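Hi,

Here is the structure I promised to pass on.

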Amino acid sequence: TVQRPLARSEPLPAGQIPGLQVQWELDCDVQQASLDIATERIHDINGTVGLMGVMENEQVYCWGNLDLDTAMLWDSQATDLEGPFYLDNQRLALGTVAPQLNPLAPQRSLNADWLAGTLVLDGEIKLLDNLPFRIVASLENARLEEFADEIAPQLDSLSGRARIGINLTGTADGTHTLNGVGSIRLENARI
């Protein structure tokens, strides 16, 4: 089993990795891309996706890093989205769930500026027919004034800060499959 791709400067060791077919390391610039994940669509994705991986026989192992300038989540713009992911034949892992090439490297979540706060996300999507998923996410230090401007502009008297957390599971079969727990904590709020 391949544990990691070779470093960029290392040549392929002929005959040392049976069945090796493909190896890659690349940075992809994306503009106005979109991605359907389970029941949601992320669109207007702009930035860079770094990929490093191998394909051995029919098995794919791909480590990556997102460095996105913008993306639209639930029709609200996220900026400075950054963090690791991992993709193989069985799953897509995001943030701390993603295995690292260097096991001594610190685990990192996906982070983004979103809804006037900092979004922190970790999760996994199994690549099965109904795409079962699990995410753990938080929105820290969200300013309610800007949150309202984005989500509910008619609520012009909101002020304060919010911390929002969610642990959610479900499948692509629909919202009826969602199950989870969450919390909202308001600080110095005027509602």
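Below is what turned up, going from the whole chain down to single residues.

First, the ground rules. This is a predicted model, in which local features need pLDDT of at least 70 and side-chain atom pairs count only at pLDDT 80 or more, while totals for chains, interfaces and linings use all residues. Residues are numbered from 1 along each chain as its sequence is written, and side-chain values use heavy atoms, with hydrogens and water left out.

**The chain overall**

The protein chain has 1 helix and 10 strands (DSSP runs numbered from the N terminus: H or I of at least four residues for helices, E of at least two for strands). Read from the N terminus, the order is β-β-β-β-β-β-β-β-α-β-β. Of its 191 residues, 34% count as buried (under 20% relative accessible area; exposed is over 50%, partly exposed in between, with a 1.4 Å probe and protein chains only).

**Strand pairing**

Two strands pair here if DSSP finds at least two bridges between them. Strands S2 (residues 40-56) and S3 (residues 59-73) run antiparallel and are joined by 13 bridges. One of the pairs is Ile-42 with Leu-73 in S3. S2 and S3 make a hairpin with 2 residues between them, and Asn-57 in the turn has a positive phi of about 55°.

Strand S6 (residues 110-114) is another one to look at. Leu-110, Ala-112 and Trp-114 form its covered face, while Asn-111 and Asp-113 are on the uncovered one. S6 is antiparallel to strand S4 (residues 76-88), with 3 bridges joining them; Thr-79 has Asp-113 as its bridge partner in S6. S6 also pairs with S7 in the antiparallel sense, over 5 bridges, and there Leu-110 is partnered by Leu-121. S6 and S7 form a hairpin too, with 2 residues between them and a positive phi of about 50° at Leu-115 in the turn.

**Salt bridges**

How many salt bridges does a search of the whole structure find? There are 8 (a side-chain nitrogen of Lys or Arg within 4 Å of a carboxyl oxygen of Asp or Glu).

Arg-91 and Glu-124 form one of them, with the closest N and O atoms 2.6 Å apart. This pair links distant parts of the chain, since Arg-91 is in strand S5 (residues 91-94) and Glu-124 is in strand S7 (residues 117-126), 33 residues apart. Arg-91 counts as buried because its relative accessible area is 19%, and Glu-124 is buried as well, at 14%. The side chains of Glu-124 and Arg-91 also make a polar contact at 2.6 Å (N or O atoms within 3.5 Å; within protein, one must be able to donate a hydrogen and the other to accept it, and residues adjacent in sequence count only if both atoms are side-chain atoms). Leaving out residues up to four places away in sequence, Glu-124 touches Arg-91, Leu-92, Ala-93, Val-97, Pro-132, Phe-133 and Arg-134.

Asp-36 and Arg-41 form another, with the closest N and O atoms 2.7 Å apart. Asp-36 counts as exposed because its relative accessibility is 52%, whereas Arg-41 is partly exposed at 44%.

In the salt bridge between Arg-143 and Glu-145, the closest N and O atoms are 3.9 Å apart. Arg-143 is partly exposed at 30% relative accessibility, and so is Glu-145, at 27%.

**Two last spots**

Ser-138 sits in strand S8 (residues 133-143) and counts as buried because its relative accessibility is 16%. Not counting residues up to four places away in sequence, Ser-138 touches Thr-118, Leu-119, Val-120, Ile-164 and Gly-165.

On the surface, Ile-184, Leu-186 and Ile-191 form a nonpolar patch with about 350 Å² of accessible area together (patch residues have over 30% relative accessible area and no salt bridge; like charges are joined within 9 Å, nonpolar side chains, namely Val, Leu, Ile, Met, Phe, Trp and Tyr, within 5 Å). Ile-191 lies in the segment after strand S10 (179-190) and counts as exposed, at 74% relative accessibility.

Cheers

How values were computed
Contact means heavy atoms within 4.5 Å. Accessible areas come from the Shrake-Rupley method with a 1.4 Å probe; for residues, only the protein chains shown count as cover.
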